[in-house]
Amino acid sequence: MYIDERKYISSSWLICGLLLGIAGLALGTFFDLKIDQLLYQPDASWAKYLAAFGPVPAFWGIGAAGCLLIDVLRDRSIWWLGWGVGFVMLLAGPVYMIDSLMTEIDMNWLAAWITGLLVSVLPSVLYAVLMRNTSEQDKIQCIIILLIVCVGSMLAVQVLKRIWYRPRFFLLENNPDIPFTRWYQPDRDVINQFAALYAQDHDYFRSFPSGHTQSITCLFLWALIPVYTQKGSVNFTMALSSVVVLVVAISRIFLGVHYLSDVSMAFLITFTLFAICVWGFGLSWRGIQKKFGDEDEDDYDEYEDEFEEEPVEEPKPSRRRRRKKDYDDEDENDE
């Protein structure tokens, strides 16, 4: 019996992720403030370390897209363009991570540069190396998905931050005069009422959505590698990414920089783009079946034909048996 063991991203993962994001947003609608008041621990060191390294997964995706672009264009006349664009995309991560490491955990400039290079560049290169034996078409498709999810979600979150002006929870704790606003209530007037605080740091009023959660959700892009290479476990990658995303999202609430609705919306934006790409590019079961179904049937037919039993020819009777049969026939005729 033929069994199709081709790897794909199950729609069950995608649907469950979307439903959990919606559930978190709904729960935050009623309990945002209470949850932050319960979990608020601004000095939690583990949460600060996660805050320092949380933004890096999105830049892994951008850097990996740059490395794959270099690989795709290396044998063409515009190879220099691939190197130029790919190099810029690869260095986007370290440049951002320097500021994150220095701000969140007070790392010195030199150590931040070295750490930023290691944690940003190496995983990006590893991603491209794991994809090296795939077809050029798959590499181009992967580049498109990486950019749609990483850059698209990043732009969406940053635009919403600059429209909503939601004050962060720790700002409310230190300034009781600032009102709490729900996630569905964008309020530009708040920056006019507290112009001094806004001038001090615009980021105080950019709680919704969470940039760190948006970035860490890009970890799910690593599930593309088992699909394209047919090596590794899709389910393990999805499960591990889910755990890491959950921990980082909770850490943002512990530090008082986000509410549950903030992290839920950021997760929804990024994961929705990921799900759309998986379904749109045929990387779920239906897409894989549609893409390879006919080939599988042909392979199965060949497999059956190869092992189909050939008809067994009856052995020819020996000369003595033929003579004996002829004599018997003559006797019957005489009678």
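Please keep in mind that the model is a predicted one. I'll start with the whole chain. The protein chain has 15 helices and 0 strands. It is 335 residues long, and 46% of them count as buried. Now take the contacts between residues at least 6 apart in sequence: 79% of these join residues at least 24 apart.

Next, a pair of helices. Two packed helices are described by the angle between their axes and the distance between the axes. Our pair is α2, residues 45–53, and α12, residues 234–254. Their axes come within 9 Å and cross at roughly 115°. The crossing is left-handed. Which residues of α2 meet α12? They are Trp46, Ala47, Leu50 and Ala51. On the α12 side, the partners are Val247, Val248, Ser251, Arg252 and Phe254. Sorted by class, this contact has 7 nonpolar residues, 1 polar and 1 charged.

Last, serine 284. Where is it found? Serine 284 is in the loop between α13, which covers 260–280, and α14, which covers 285–307. Is serine 284 buried or exposed? Serine 284 counts as buried because its relative accessible area is 3%, and the cut-off for buried is under 20%. Setting aside neighbours within four places in sequence, serine 284 is in contact with Tyr8, Ile9, Ser11, Val278 and Trp279.

Technical notes:
Residues numbered from 1 in each chain as written. Predicted model: local features only at pLDDT ≥ 70, side-chain atom pairs only at ≥ 80, totals over all residues. Heavy atoms only, no water. Helix = DSSP H or I, 4+ residues; strand = E, 2+ residues; numbered from the N terminus. Buried < 20%, exposed > 50% of the residue type's maximum accessible area, 1.4 Å probe, protein only. Contact = heavy atoms within 4.5 Å. Axes fitted to C-alpha atoms, helices over the stretch in contact; angles between N-to-C directions. Left-handed = near helix turned anticlockwise from the far one by under 90°. Nonpolar A, V, L, I, M, F, W, Y, C, P; charged D, E, K, R; others polar.
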